[in-house]
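Here is a short report for a reader meeting this structure for the first time. Please keep the sequence and the 3D view at hand.

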Amino acid sequence: MSSGIQVKTKSAAQKSKTCSPETQPKPSAKLNPKTIDPVCFRAYSQPQSAFAATYARGGIPCRLVHGSVKHKLQWECPPETVPFDPLLLTLAEEGFKELLLVEGAAEKVIPLLPRLVPVLKAALAHADDEVFGRGLDALVQLSAVVGPSLNDHLKLLLTNLLKRLMDKKYREEVTVALQKLEHCGGKATVAIIKSKIPTYCSIYS
């Protein structure tokens, strides 16, 4: 578990409860809505995101703790005990990152790839640089967790990466990300990348 993950201490009675949305108190008792980014790699102005809907039902078992230098998530229970579905699909960047760090994350994430990839695709297509950057970071981390399992979905994401690659502003960032995808996905990933980005040079060449 990441050293940045904090778990809030509970009483014996609280520990006996499972960490499911039904056992969570109302959001007002759990979270300060001003401290959480109620989106998943999307624009801040988007109304009633999936995150916001889950949050409104009291189904987000963590809150963002603001530090003077670095922000951390404080979990109401160990993150490895929370259900990845639907939380992984709704959590903002930091929560997404920390769930992928838990033991056994790959087995939990791989079945969710068909639903995660469209969310990442939307982020990579977004005009906002920050949204794109968060989506690219999430894609690289996801690849590191699931490895070659991402290859079947990669073509859906490469068109948006190609558009950014053609912009000198993003060229280096996207190139590094593609190299990391290849490293995690194996040699089969090269053919997939080249099918959409013929100018890509393999890390093995």
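## The chain as a whole

This is a predicted model. The protein chain holds 11 helices and 3 strands. Along the sequence, these elements follow the pattern β-α-α-α-β-β-α-α-α-α-α-α-α-α.

The protein chain has 205 residues, and buried residues make up 46% of them. Take the contacts between residues at least 6 apart in sequence: 65% of these join residues at least 24 apart.

## Helix 9 against helix 10

Two packed helices are described by the angle between their axes and the distance between the axes. Helix 9 covers residues 151-165, and helix 10 covers residues 171-185. They pack at an angle of about 165°, and their axes are 10 Å apart. Because of that angle, helix 9 is roughly antiparallel to helix 10. The crossing of helix 9 with helix 10 is left-handed.

Which residues make the contact? Helix 9 supplies Asn151, Leu154, Leu158, Leu161, Arg164 and Leu165. Helix 10 supplies Arg171, Val174, Thr175, Leu178, Leu181 and Gly185. By type, the contact residues divide into 7 nonpolar, 3 polar and 2 charged.

## Helix 11 and its buried face

Helix 11 spans residues 188-196. Its buried residues are Thr189, Val190, Ile192 and Ile193. Viewed down the axis of helix 11, the buried residues fall within an arc of 165°, so they line one face of the helix. An α-helix has 3.6 residues a turn, so residues three or four places apart point the same way.

What do the buried residues of helix 11 pack against? Their partners are helix 9 and helix 10.

## Gln141 in helix 8

Gln141 sits in helix 8, which runs over residues 129-146. Is Gln141 buried or exposed? Its relative accessibility is 18%, so Gln141 counts as buried. Leaving aside residues up to four places away in sequence, Gln141 touches Lys97, Leu100 and Leu101.

## Ile110 in a loop

Ile110 belongs to the loop between helix 6 (105-109) and helix 7 (113-124). Its relative accessibility is 34%, so Ile110 counts as partly exposed.

Where does the chain meet Ile110 again? Setting aside residues up to four places away in sequence, Ile110 touches Val146 and Ser149. Ile110 and Ser149 are 39 residues apart in sequence. In space, they are 6.9 Å apart, C-alpha to C-alpha.

Definitions and conventions: Residues numbered from 1 in each chain as written. Predicted model: local features only at pLDDT ≥ 70, side-chain atom pairs only at ≥ 80, totals over all residues. Heavy atoms only, no water. Axes fitted to C-alpha atoms, helices over the stretch in contact; angles between N-to-C directions. Helix = DSSP H or I, 4+ residues; strand = E, 2+ residues; numbered from the N terminus. Parallel < 35°, antiparallel > 145°, perpendicular 65-115°, else oblique. Left-handed = near helix turned anticlockwise from the far one by under 90°. Contact = heavy atoms within 4.5 Å. Nonpolar A, V, L, I, M, F, W, Y, C, P; charged D, E, K, R; others polar. Buried < 20%, exposed > 50% of the residue type's maximum accessible area, 1.4 Å probe, protein only. Arc of directions from axis to C-beta.
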